[in-house]
Structures are given as C-alpha cells and as structure tokens.
Amino acid sequence: HSGPVTAMCSAGRWLCTASVDKTIICWDMNSFRQVARMQGHTGPIWCLAVLGDSMVFSGADDGTVAKWDTTSGRRVGALSSHASPVRCMLVMEDRFLWSGSENGMLVASDLVTQAPLSTARAHKAAVTCLLATVAGTEAFYSGSADGFVKRWDPLSGTCLASFEAHSDWVTCLLFAEDALFTGSRDRTIRRWDPATGTLEATFDQGTISFKQRKGFLAAMDDGSVSICKSTEGEKFAKVDHADGSVSLRTHNGHYLSVSEAGAVTASASAVGADEVFHLLDNGDGSLTIRSAHGSYVRAQPDGAAGAASAVPDRDPEESEKFAHCWIEGHYSGVMCLLDVSGALMSASADRCVKLWDPSTGLLLASLEGRTGATCLLEAGGWPFTAA
C-alpha cells in the first residue's frame, strides 16, 4: 500500500488489507505474495467484512459499502450508501450486514437483495466499531466516538442497553474469557460483564519485576512471598498514588503487604497502610522497596522475603537491593484488540503491541515496532499487525 493500512480480514487462504490509498489487496497467506488488487472507492477505505471464503465488503470515506469477489478481484455489487464515511461493518447470520458511519447512523442491509432494511441514529458521534455476541444471533454491540457502548437486537434494530464506557472514543470491541473488552483513545482497556454492562476491571497499569542474584521477588498462590526462579508471580502491577507512593498488585489480584512486625505476604485484597510502598533509587541501578512502616523488603537466607526493621538514615544492604524490569502501559490511544491463545493483545499509536492477562489485567509483555499499529488479526494460525 502507498498509505496506512486501516483494516484486515481473512477470506479463505487470502489475507485482505485495506488502506487510505483507496485500494484492497489480497495476499496469499502461505507465500505472502500479492494475488489481487481491487480498486473502486473514491475515498480512503476504513473497514472490511467477509462473507464465506471469497466475498469481501468494504466501507469507505465516500459513504459506500462495496462488495468484492476476491477470486476475480472484481467489484460485484454495492449496498445502500451512507451520507457520511463508513467506519465499521458487521456480517450477521451470513444474511445481514450492519454498517456504522461518522454521522452516528447504523444501517442494516440484506445481503441477498442488497436492499436497506433499517436505518437508525445510533450514537451522537461516529460509530467506530461493531461486534456480535459469541452466539452471533442474540445481539451485537456498537462503540462510538461519544464514549458509549450500546447493545442492539439484530432483528428489530432496537437498542437493548447503553452505558458510558470511556472518556474518549471507543475504538475497538472484543469478546474473550466470557467478557466484553473495550479499547479507547483514553489509553485504557476495560473489561465488562456483557449481560449487565458492569465494569469489572480497567487495564492501564504497567508492571514491574524485582530481581536479585538468586531469583525474582515472587508472590506465591498461597499468599507467601519468596525469592525464586518463578515465571508467574514475579510481575507486579504498579498502582501509583498521588503522594508518589505505590501499591504492588500480584498476578492473582492480591497486593504485596509488609506488616509493622516485618512480615511480607501477598494475600491482601485491598490497599491499606501495609500495602503502600516507596521505590527508592539507590544510584547504582538498583531499587529498594520501603514499606509505609519504614522497613525494607529483603531476601532472607532461606529464600523467603522479609522486611528489616526501620533504622533511620541507614544505607540499604545488598539483600535489600533489587534490579528491576519495568513494562509501561500504553501512552497513546488503544486502536485494536485481539484474543491470542488466552492472552489479550492490544496495539496503539505509541508503536507498541502489548500482551495482557485478560483475567487479572496484568501486563505481561510489550513489543515495540517502528510505527503505530492500526489493526490486529489472527488468520492461518498467525497473528498479523498492520500500520
């Protein structure tokens, strides 16, 4: 493409990409060779939807929804036009196509007759994303630049529920782990109960790991804390407080705690005085974890973690120093989401693709590219990202 890629879909063994350069390109996913280039829109293309193995629909800035045969590379039809750019589409039951546009309208079209079935003003701003429920026929969701998510009856076009999901554009929707996930320009990902619209978690915090020569500071499932070669419990979500202090949330949703007596545990379900820390820079590349009681988290000879008694103005000992690895959350808007082998993948204009634990919201990894990612897709057993 000669411009940014805005959408991807898979049709049989083809990977189809759309761009602001007004073209759709089909690629062979085995050889990654270009097999077709389709043109016909007079404005940038913003979205794609697929029907079967060879039919692709595209929505564009020119307000049209076009139908393409990827086998021949030809445009074979067009659905009812919108009065503004088409931003998102959704095929349901292989019979109906819903399309959303920048003026907040939702249009349902019959894929057999290509005639419009219903039109509704769905949102006060652009409709930016559409998603069917897991069952695929019960309902579908729309997200908008007005920050709202709405649930719709696909047969009647009736709005069944509405809730304000974000303070900025809702850019993407995803079902995973029996939950509804939303991504936004406000840089956050949120998990919702799809039945009630109740907010369950917000994913926006980076993670930090603390390492010594013998291993990582790790929270165990039984609530104990050790220095070990853990591959799970060594990551902590860093929850920042207004006074510069932090709390450290574990992989199972509990918090690191240091009691006044010096006991170090990881079983607290809420933040109190024992769960507040200051991370002190020692000037040699290491950090010290100081509790609200003034004691330092340290490695014990038996491999357990403890806390040394507070002594004013003393330098930390080697057992109280930790190398650290910090993974930052997104610092720009979240553009797209993908469920990959039980992990939640997000991409952003900040040039990073990040992996999250969808159950706990713990940030697991961050991959940096050269440009901001615009879309994600899993096809042929591979995750694809485009920019």
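Modeller: Let's begin with charge: the protein has 31 positive and 44 negative charges, and their mean positions are 7 Å apart. Keep in mind that this is a predicted model.

Colleague: How many helices and strands are there in the protein?

Modeller: Zero helices and 38 strands.

Colleague: And what box do the C-alpha atoms fill?

Modeller: Along the principal axes, the C-alpha atoms take up roughly 80 × 45 × 30 Å.

Colleague: What share of the residues is buried?

Modeller: Of the 387 residues in the protein, 53% are buried. As for the surface, the protein exposes about 17,000 Å², with carbon and sulfur atoms supplying 49% of that.

Colleague: What about contacts across the sequence? What percentage comes from residues 24 or more positions apart?

Modeller: Counting contacts with a separation of 6 or more, 39% are between residues 24 or more positions apart.

Colleague: Back to charge. Which residues form the positive surface patch?

Modeller: Lys-211, Arg-213, Lys-214 and Lys-229 form it. Arg-213 sits in the loop between β21 (207-212) and β22 (215-219).

Colleague: Is Arg-213 buried or exposed?

Modeller: Exposed, because its relative accessible area is 72% and the cut-off for exposed is over 50%.

Colleague: OK, salt bridges. How many does the structure hold?

Modeller: Eleven. One of them pairs the side chains of Glu-234 and Lys-235, at 3.5 Å from N to O.

Colleague: Are those two buried or exposed?

Modeller: Buried: Glu-234 has a relative accessible area of 7%, and Lys-235 comes in at 17%. Both count as buried because the limit is under 20%.

Colleague: Where does Lys-235 sit?

Modeller: In the loop between β23 (225-228) and β24 (236-240).

Colleague: Which residues does Lys-235 touch, if you skip those up to four places away in sequence?

Modeller: There's a list, and it includes Thr-207, Ile-208 and Ser-209, then Arg-249, Thr-250 and His-251. Also among them are Ile-327 and the run Leu-362, Leu-363 and Leu-364.

Colleague: Next one. What does Arg-298 pair with?

Modeller: Its side chain meets that of Glu-317 in a salt bridge, 2.7 Å from N to O. That pair links distant parts of the chain: Arg-298 is in strand β30 (residues 296-299), while Glu-317 is in the loop between β31 (305-308) and β32 (323-327), 19 residues apart. Arg-298 also has a salt bridge with Glu-320, at 3.9 Å from N to O. Here too the pair links distant parts of the chain, with Glu-320 in the loop between β31 and β32, 22 residues from Arg-298.

Colleague: How do Glu-317 and Glu-320 come out on accessibility?

Modeller: Glu-320 is buried, with a relative accessible area of 0%. Glu-317 counts as partly exposed, at 39%.

Colleague: Changing topic to the backbone. Which residues have a positive phi although they aren't glycine?

Modeller: Phe-32 is one, with phi at about 60°. Gln-114 is another, at about 65°.

Colleague: Why flag that?

Modeller: Because most residues other than glycine have a negative phi.

Colleague: Where are they, then?

Modeller: Phe-32 lies in the loop between β3 (23-28) and β4 (34-39). Gln-114 is in the loop between β11 (105-110) and β12 (116-121). Gln-114 is partly exposed, with a relative accessible area of 23%.

Colleague: Speaking of β4, where is Ala-36 found, and is it buried or exposed?

Modeller: Ala-36 is in strand β4, and it is buried, with a relative accessible area of 12%.

Colleague: What does Ala-36 touch, again leaving out residues up to four places away in sequence?

Modeller: Ile-24, Ile-25 and Cys-26.

Note on methods:
Residues numbered from 1 in each chain as written. Predicted model: local features only at pLDDT ≥ 70, side-chain atom pairs only at ≥ 80, totals over all residues. Heavy atoms only, no water. Patch = residues over 30% accessible without salt bridge, like charges linked within 9 Å, V, L, I, M, F, W, Y side chains within 5 Å. Areas by Shrake-Rupley, 256 points an atom, 1.4 Å probe, with all protein chains shown as cover. Salt bridge = Lys/Arg side-chain N within 4 Å of Asp/Glu carboxyl O. Lys, Arg positive; Asp, Glu negative; His and termini not counted. Charge placed at Lys NZ, Arg CZ, Asp CG, Glu CD. Helix = DSSP H or I, 4+ residues; strand = E, 2+ residues; numbered from the N terminus. Buried < 20%, exposed > 50% of the residue type's maximum accessible area, 1.4 Å probe, protein only. Contact = heavy atoms within 4.5 Å.
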